[in-house]
Each structure stands twice: as C-alpha cells, then as structure tokens.
Amino acid sequence: TKILPLQALDDDGYGDSYTVGNAIYYAADQGVDIISISLGTDFEDPYLREAVLYAQSKNILIVASAGNDGCDCMVYPANYPEVVAVGASDPSGAVASFSSFGANLDIVAPGEDMTSSYWSKNNQTSSYAGGIAGTSFSAPYVSGVLGLLRSHQPDASWDEITGILFEN
C-alpha cells in the first residue's frame with residue numbers, strides 16, 4: 001500500500017470546503033484508490049460535492065468521518081450518499097455517545113480512548129496524546145480495512161468490497 005498524505009488544512013487547523021475540495025481533486029489526479037477524510041463541515045458546498053463526484057468518476061472510494069456532535073447531524077462530505085460515512089465506537093464496540101449519526105451513516109469503527117501522535121511547538125517529533133476521541137480516528141481504520149480487502153480482490157468493484165465489509 002502506498003500512502004499519499006495531504007494537508008487540506010493549515011498548521012493552525014484553518015481551511016474550508018475549497019481547500020478540502022482541492023485536496024480531493026489533487027489526490028484523484030494522482031491515481032489513488034481511496035481517499036480518507038478525517039474532517040467535515042456542517043454545510044453542504046457545491047465545490048466539495050463536485051470534488052467528491054469527480055473522484056467517484058475516477059473509481060475512487062471516499063471514506064469520511066461522520067462528526068462528533070452525538071446527534072442526527074452528520075457533517076459533509078460524510079453526509080453525501082456516495083461517501084462511506086464512518087462513526088465512532090467505544091472500547092466495548094457500542095456506538096460512542098459523541099458520534100454523529102444519520103441516514104447516510106454506513107459503519108462505526110474504534111474512535112474512543114485513542115492514542116495518537118501530537119504536534120506541539122515544544123516537541124515537534126515525538127509527542128503523544130492518550131485518552132482522546134473522535135470519528136477522525138475511525139475513518140482511517142475503515143479506509144485501511146477497505147484497502148486490505150481491495151488487495152485481496154483487485155478486480156472487485158467498490159460496491160462489492162464495501163458490501164463485504166458491511167455484511168461482516
């Protein structure tokens with residue numbers, strides 16, 4: 001597996017649908033198979049929607065975080081029906097209380113009590129934070145599993161591969 005890391009938001013976490021859409025277009029033009037998005041916006045945006053449809057037209061699967069508001073209020077792009085929308089589960093496997101949900105939610109994956117690398121001005125290379133949570137952790141889990149399934153079934157369509165995951 002090759003990974004193409006892209007930064008759609010700046011170092012202060014600023015960005016918008018335009019910068020995220022640009023990252024999707026760029027990734028699609030690089031020939032990726034899966035785009036994993038661990039962010040979202042409350043508002044539907046035509047440019048972001050076009051970027052998602054562009055990627056889909058190139059047979060690219062997009063997986064995105066559902067949001068962390070604990071309500072029927074999923075964020076975009078996860079709330080687009082073409083996107084695999086991922087909520088968070090807690091350590092027992094139940095849906096985490098903070099995980100957003102809705103009609104377009106496809107699956108949940110680990111997202112609570114996580115440990116992750118953490119950047120700070122004082123330690124730019126080896127800081128870690130524990131006990132953190134969010135659907136931003138869940139989407140990469142699902143992206144990784146889908147990538148593994150695709151590697152075992154390279155001729156299968158994304159619909160077939162996501163169907164295998166959702167059934168199991």
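In this predicted model, arginine 49 and glutamate 82 form a salt bridge, with 2.8 Å between their closest N and O atoms. The two residues connect distant parts of the chain, since arginine 49 belongs to helix H2 and glutamate 82 to the loop between S2 and S3, 33 residues apart. Arginine 49 has a relative accessibility of 22% and therefore counts as partly exposed. Glutamate 82 is likewise partly exposed, its relative accessible area being 25%.

Aspartate 29 and lysine 58 form a salt bridge in which the closest N and O atoms are 3.9 Å apart. Because aspartate 29 lies in helix H1 and lysine 58 in the loop between H2 and S2, this pair ties together parts that are 29 residues apart in sequence. The relative accessible area of aspartate 29 is 47%, so this residue is partly exposed. Lysine 58, at 39% relative accessibility, also counts as partly exposed.

The two pairs are set out below.

| Salt bridge | Closest N and O atoms |
|---|---|
| Arginine 49 and glutamate 82 | 2.8 Å |
| Aspartate 29 and lysine 58 | 3.9 Å |

**The sheet and a helix across it**

Four strands form an open sheet in the order S1-S2-S3-S4, and their pairing is parallel. Strand S1 (34–37) and strand S4 (105–110) are the edge strands, each of them pairing on one side only. From one strand to the next, the twist averages 30°. In general, the strands of a sheet pair through backbone hydrogen bonds, in either a parallel or an antiparallel manner.

Within this sheet, strand S2 (residues 61–65) pairs with strand S3 (residues 84–89) in the parallel sense, over three bridges. Valine 63 has valine 84, in S3, as its bridge partner. Helix H4, which spans residues 158–167, lies across S1, S2, S3 and S4 and runs at about 55° to S4.

The peptide bond joining tyrosine 76 and proline 77 is cis, with an omega of about 20°.

Asparagine 59 is not a glycine, yet its phi is positive, at about 60°. This residue is placed in the loop between helix H2 (46–57) and S2, the loop that also contains lysine 58. With a relative accessibility of 45%, asparagine 59 counts as partly exposed.

Aspartate 113, another residue other than glycine, has a positive phi near 60°. Its place is in the loop between S4 and strand S5 (114–118). Is aspartate 113 buried or exposed? Aspartate 113 is exposed, with a relative accessible area of 54%, which is over the 50% cut-off for that class.

Leu4, Leu6 and Tyr26 together make a nonpolar surface patch of about 260 Å². Tyrosine 26 is located in helix H1, which covers residues 17–29; aspartate 29, one of the salt-bridge residues, lies in helix H1 as well.

Notes. Residues numbered from 1 in each chain as written. Predicted model: local features only at pLDDT ≥ 70, side-chain atom pairs only at ≥ 80, totals over all residues. Heavy atoms only, no water. Patch = residues over 30% accessible without salt bridge, like charges linked within 9 Å, V, L, I, M, F, W, Y side chains within 5 Å. Areas by Shrake-Rupley, 256 points an atom, 1.4 Å probe, with all protein chains shown as cover. Salt bridge = Lys/Arg side-chain N within 4 Å of Asp/Glu carboxyl O. Pairing = 2+ DSSP bridges. Axes fitted to C-alpha atoms, helices over the stretch in contact; angles between N-to-C directions. Contact = heavy atoms within 4.5 Å. Buried < 20%, exposed > 50% of the residue type's maximum accessible area, 1.4 Å probe, protein only.
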